[in-house]
Amino acid sequence: VDDDPLGLLLWRAARAARLFIDSSDKARARLTHAKLPVLWRVFALDEVDVPEALRQSVEAFPKLLARDETVNESEIADACAPVAEWADDNWKATTAFQFAELAAKAQPSNPQRALYAGRVCRGMGFFDRANVWFERGFRLAVQQGNRSESVRALLGQGALMQECGELDEAQRW
């Protein structure tokens, strides 16, 4: 994540999301509890010029550490995905990569999140990770009977294999 105030805010957001995602429900109850005004200061939401496209997403992250019981995996994924897309559009590849994977991990049954993480990883040159995400997205899409996402997964994995120089495998996909 970048070295500016927005970068620091996004780093803290990613850390809060990762902590939430990697913790079991029982462990989440033991996360450091802080009052929301304190978290707003820690996240510096009043001091950082947050792009309008990110404002709603960024406001969701302090809730994680405040132990807001209304927060769920879907809300975390919905907060992470726009950050990833904004970062991707603004040439902040590392931030896009982190938040795309967080969105996919937060909502592990969503093939679209997995496929987006695969595309971002492929763009970063993380081919092994991209392979995992494309295969997961394909498996999920097939299980859910989602034909359009299945095709996207096949195309993504095929393009990845082609980029890796494995033309026979690319054609198979």
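Visitor: How far apart are Arg172 and Glu169 in helix H10?
Guide: Arg172 and Glu169 are 3 residues apart in helix H10 (residues 167–172), which means that about one helical turn separates them. Helices (H or I, at least four residues) and strands (E, at least two) are DSSP runs, numbered from the N terminus.

Visitor: What kind of model is this?
Guide: It is a predicted model, in which local features need pLDDT of at least 70 and side-chain atom pairs count only at pLDDT 80 or more, while totals for chains, interfaces and linings use all residues. Residues are numbered from 1 along each chain as its sequence is written, and side-chain values use heavy atoms, with hydrogens and water left out.

Visitor: Back to Arg172, then. What does Arg172 form with Glu169?
Guide: Arg172 forms a salt bridge with Glu169, and their closest N and O atoms are 2.8 Å apart. A salt bridge here is a side-chain nitrogen of Lys or Arg within 4 Å of a carboxyl oxygen of Asp or Glu.

Visitor: Why can side chains pair like that?
Guide: Side chains of opposite charge can pair when their charged atoms come close.

Visitor: Is Arg172 buried or exposed?
Guide: Arg172 counts as exposed, because its relative accessibility is 59%. Glu169 is partly exposed, with a relative accessible area of 26%. The cut-offs are under 20% relative accessible area for buried and over 50% for exposed, with partly exposed in between (1.4 Å probe, protein chains only).

Visitor: How many salt bridges does the structure hold?
Guide: There are 5 salt bridges in the structure. One of them joins Arg113 and Asp78, with the closest N and O atoms 2.5 Å apart. That pair links distant parts of the chain, since Arg113 is in helix H7 (residues 111–124) and Asp78 is in helix H5 (residues 73–89), 35 residues apart.

Visitor: How accessible is Arg113?
Guide: Arg113 counts as buried at 17% relative accessibility. Asp78 is partly exposed, at 43% relative accessible area.

Visitor: Which residue does Arg152 meet in a salt bridge?
Guide: Arg152 meets Glu149, at 3.0 Å from N to O. Both lie in helix H9 (residues 147–163), 3 residues apart, about one turn of the helix. Arg152 is partly exposed, with a relative accessible area of 45%, whereas Glu149 is buried, at 7%.

Visitor: New topic. At what angle do H8 and H9 pack?
Guide: Helix H8 (residues 127–143) and H9 pack at about 160°, and their axes are 8 Å apart. That makes H8 roughly antiparallel to H9. Axes are lines fitted to C-alpha atoms, for helices over the stretch in contact, and angles run from 0 to 180 degrees between N-to-C directions. Angles under 35 degrees count as roughly parallel, over 145 as roughly antiparallel, 65 to 115 as roughly perpendicular and the rest as oblique.

Visitor: Which residues of H8 and H9 meet?
Guide: Among them are Phe127, Phe134 and Phe138 in H8, and Glu149, Leu154 and Leu160 in H9. Contact means heavy atoms within 4.5 Å. The residues of this contact divide into 10 nonpolar, 5 polar and 3 charged. Ala, Val, Leu, Ile, Met, Phe, Trp, Tyr, Cys and Pro count as nonpolar, Asp, Glu, Lys and Arg as charged, and the others, Gly among them, as polar.

Visitor: What does Asn131 touch?
Guide: Not counting residues up to four places away in sequence, Asn131 touches Gln157, Leu160 and Met161. Asn131 lies in helix H8 and is partly exposed, with a relative accessible area of 22%.

Visitor: And Trp91, where is its place?
Guide: Trp91 is in the loop between H5 and helix H6 (93–106). Its phi is near 60°, a positive value in a residue other than glycine. Most residues other than glycine have a negative phi. Trp91 counts as exposed, at 82% relative accessibility.

Visitor: How many helices and strands does the chain have?
Guide: The chain has 10 helices and 0 strands. Of its 173 residues, 45% are buried.
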